[in-house]
Amino acid sequence: MGYQQIEASVRSCYATWGETYYENYYGGQAPYPPVHRDILKNVLYEAQAITVLDAGCGPASFLRELFGTGMDLYGFDLTPEMVAEAQRVFKQNGLQPERVWQGSVFDQKAFRPPWRRRKKLFDAVVCCGVFPHIPKEADALVLANLRSAVKKDGLVAVEARNQLFALFTLNRYSHDFFLRELVKQDELEQQAEEYVHAVREACNDLARHFRMDLPPLRKGMQGEPGYDEVLSRTHNPLVLREQFLSAGFRDIRVLFYHYHCLPPMFESRIPEFFRSQSLAMEDPSDWRGYFMASAFIMTGRKT
Ligand SMILES: C[S@@+](CC[C@H](N)C(=O)[O-])C[C@H]1O[C@@H](n2cnc3c(N)ncnc32)[C@H](O)[C@@H]1O
């Protein structure tokens, strides 16, 4: 699928979410509190960032958390309905709505306000919830675009879904991770013709060890493709760290969040206990995050 096709499907997935996204994920009824918000805020405070760009800002869901902090805020997003909502929120809070514009992280030009003739460099760029929608071959391009938008020593913070969490979930994601990333079934089958059948059978049998019916697919609300029906990748933090290094970042940190005290398939048995114990585990630097946290934020400074 080309970038334009991916963008079109992602745009239609988010088109119905403009007005409800903030309440659904940051509001009181959110399935899990937005714990990444404080991690990101701390990262920005530590970096003493003043000019901040949110690439893929949605309905200014994170940016509105920074209103009143004295930071100089900007954002862009691929989805017009998200941009409209973010502009409304900016205006409502006495900020210029032009500080939010439409653009894609694939396009380096999108990283500067369209009304500025000269390139503006930011102290920090954050990018949350966008990397799942980037094809593997474009990770490096997007990292380069993020890097090009900050000043020297500037901070880039990228949020991603943790691929290694699949080793804890014991479901369809785990099976996929075993076959594609660890075993590499295709390559193994090519090693010896006489064992192709046995390898295939072993890989099929492996499915019996996982809950292949979980997790349920997230569908769209009004016929549009749902989150799991558009490209929504996970990232291996060990691999992304290498990509940060190659892209020209230093002081790289990985900060885990959204811990699970047990594999998620057990949550419905003890929902309140599950949530409180998971929240109690939240520690961005705990090594268990590599497996028990479903997401992470990777930060780096421009070299
Ligand atoms: C999960 S939401 C996150 C919104 C916000 N960043 C937050 O953390 O609350 C993902 C957002 O990324 C946007 N997005 C997806 N692909 C994008 C791209 N190629 N360029 C810019 N924004 C993109 C979507 O339109 C959507 O608003």
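His-36 is found in helix α3, which spans residues 36-46; helices (H or I, at least four residues) and strands (E, at least two) are DSSP runs, numbered from the N terminus. The model is a predicted one, in which local features need pLDDT of at least 70 and side-chain atom pairs count only at pLDDT 80 or more, while totals for chains, interfaces and linings use all residues. Residues are numbered from 1 along each chain as its sequence is written, and side-chain values use heavy atoms, with hydrogens and water left out. His-36 counts as buried because its relative accessibility is 10%, where buried denotes under 20% relative accessible area, exposed over 50% and partly exposed in between (1.4 Å probe, protein chains only). Beyond its neighbours within four places in sequence, His-36 is in contact (heavy atoms within 4.5 Å) with Tyr-26, Cys-128, Tyr-257 and Ile-297.

The protein chain is divided into domain 1 (3-162 + 219-302) and domain 2 (172-209), with bounds that come from an automatic or database domain assignment. The C-alpha centres of domain 1 and domain 2 lie 34 Å apart.

An open sheet is formed by 7 strands in the order β3-β2-β1-β4-β5-β7-β6, with mixed pairing; two strands pair if DSSP finds at least two bridges between them. β3 (100-102) and β6 stand at the edges and have a single partner strand each, so one side of each is left without a neighbour in the sheet. On average, neighbouring strands of this sheet are turned by 15 degrees against each other, direction ignored. β4 and β5 run parallel and are joined by 5 bridges; Cys-127 has Val-158 in β5 as its bridge partner. Helix α5 lies across β1, β4, β5, β6 and β7 and runs at about 140 degrees to β5 (axes are lines fitted to C-alpha atoms, for helices over the stretch in contact, and angles run from 0 to 180 degrees between N-to-C directions).

The largest nonpolar core holds 38 residues, of which Val-105, Phe-111, Phe-131 and Leu-146 touch the most other members. Such a core is a set of buried Ala, Val, Leu, Ile, Met, Phe, Trp, Tyr and Cys residues joined through side-chain atoms within 4.5 Å. Elements that give two or more residues to this core include β4 (122-127), α5 (139-148) and β5 (150-161), and the largest share, 5 residues, comes from β6. Apart from this core lies another, of 32 residues, among them Val-35, Val-43, Cys-57 and Met-71. Leu-146 touches Ala-55, Phe-111, Val-125, Cys-127, Phe-131, Val-156 and Val-158, residues up to four places away in sequence not being counted.
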